[in-house]
Amino acid sequence: NNNPALLNATRHDNSGFCGVNGDNLLWTIIDSGVLTISGAGNMIDYPSYSAAPWYQSQSLITSIEISNQLTGIGDYAFFGLSSVTSVTIPDSVVRIGDLAFGSCNGLTSIIVPEEVVLGNSVFFGCSGLPQDNNGLLIIHDILFGSFKALEELSIPSNVYRIDHGAFRCTINTLWLPDN
């Protein structure tokens, strides 16, 4: 990969850099299993799930804390963190990359800001249900692919487009906006 930010991202057992500007974002894993992303700006777009610097520690990570100055979550950033059950994304985040939470099998709750652009397949392979979808403006192709089943899904009124194939799963109750 020729991405200079990715090439300069340091890898340690429990900390390193993950920002597109090199050291603008720092990741740390503490003993209790918390992955913390601190600093300001955009995260690196990783070319695959195994490229994220915390990939080797994925089985130890039980929660994610994201800085309220982070503006973009990179492609594949949290892919495969199956022990994480809930995530709150701060209002500062305006973009969540492709497959960022893919295969997060334990994820049952995610709160996203109102003005966020979601990449393709952000939740692909998850078996849980994001509880708050207020930030969705466009629901992309296979956003909710491979869920076991969604008990209930409410589409907020600020969604103006749902791409073909966005829901490749069973949805028992679907709530659509009045307008």
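1. Rings of Phe, Tyr and Trp (for Trp, its six-membered ring) pair if their centres lie within 6.5 Å; planes under 30 degrees apart count as stacked, over 60 as edge-to-face and the rest as tilted. By this rule the structure holds seven aromatic pairs.

2. The structure is a predicted model, in which local features need pLDDT of at least 70 and side-chain atom pairs count only at pLDDT 80 or more, while totals for chains, interfaces and linings use all residues. Residues are numbered from 1 along each chain as its sequence is written, and side-chain values use heavy atoms, with hydrogens and water left out.

3. Among the aromatic pairs is that of Tyr 49 and Phe 79. Their ring centres are 5.3 Å apart and their planes stand at 25 degrees, so this pair is stacked. The pair links distant parts of the chain, 30 residues apart: Tyr 49 belongs to the loop between S4 and S5, and Phe 79 to the loop between S6 and S7. Strands (E, at least two residues) are DSSP runs, numbered from the N terminus. Tyr 49 is partly exposed, with a relative accessible area of 39%, whereas Phe 79 is buried at 17%. Here buried means under 20% relative accessible area, exposed over 50%, and partly exposed in between (1.4 Å probe, protein chains only).

4. Phe 78 and Phe 101 form a tilted aromatic pair, with 5.3 Å from centre to centre and 35 degrees between the planes. Phe 78 lies in the loop between S6 and S7, and Phe 101 in the loop between S8 and strand S9 (109-111), so the pair ties together parts that are 23 residues apart in sequence. Phe 78 is buried, with a relative accessible area of 0%; for Phe 101 the value is 0% and the residue is buried. Ring pairs also link Phe 78 and Phe 101 into a cluster with Trp 27, Tyr 46 and Trp 54.

5. Turning to charged side chains, a salt bridge is a side-chain nitrogen of Lys or Arg within 4 Å of a carboxyl oxygen of Asp or Glu. The count comes to two salt bridges. In one of them, Asp 45 meets Arg 95, the closest N and O atoms being 3.0 Å apart. This pair links distant parts of the chain, 50 residues apart: Asp 45 is in the loop between strand S4 (41-42) and strand S5 (63-66), and Arg 95 is in strand S8 (residues 95-96). Asp 45 is partly exposed at 31% relative accessibility, and Arg 95 is partly exposed at 30%.

6. Arg 95 also forms a salt bridge with Asp 75 (3.0 Å, N to O). Asp 75 lies in the loop between strand S6 (70-73) and strand S7 (86-88) while Arg 95 lies in strand S8, so the pair ties together parts that are 20 residues apart in sequence. Asp 75 counts as buried, at 16% relative accessibility. Through shared partners, the salt bridges join Asp 45, Asp 75 and Arg 95 into one network.

7. As for the strands, two of them pair if DSSP finds at least two bridges between them. Four strands form an open sheet of mixed pairing, in the order S1-S2-S3-S5. Strand S1 (15-19) and S5 stand at the edges with a single partner strand each, so one side of each is left without a neighbour in the sheet. Strand S2 (residues 22-29) and strand S3 (residues 34-39) run antiparallel and are joined by five bridges. Trp 27 stands opposite Ile 37 in S3.
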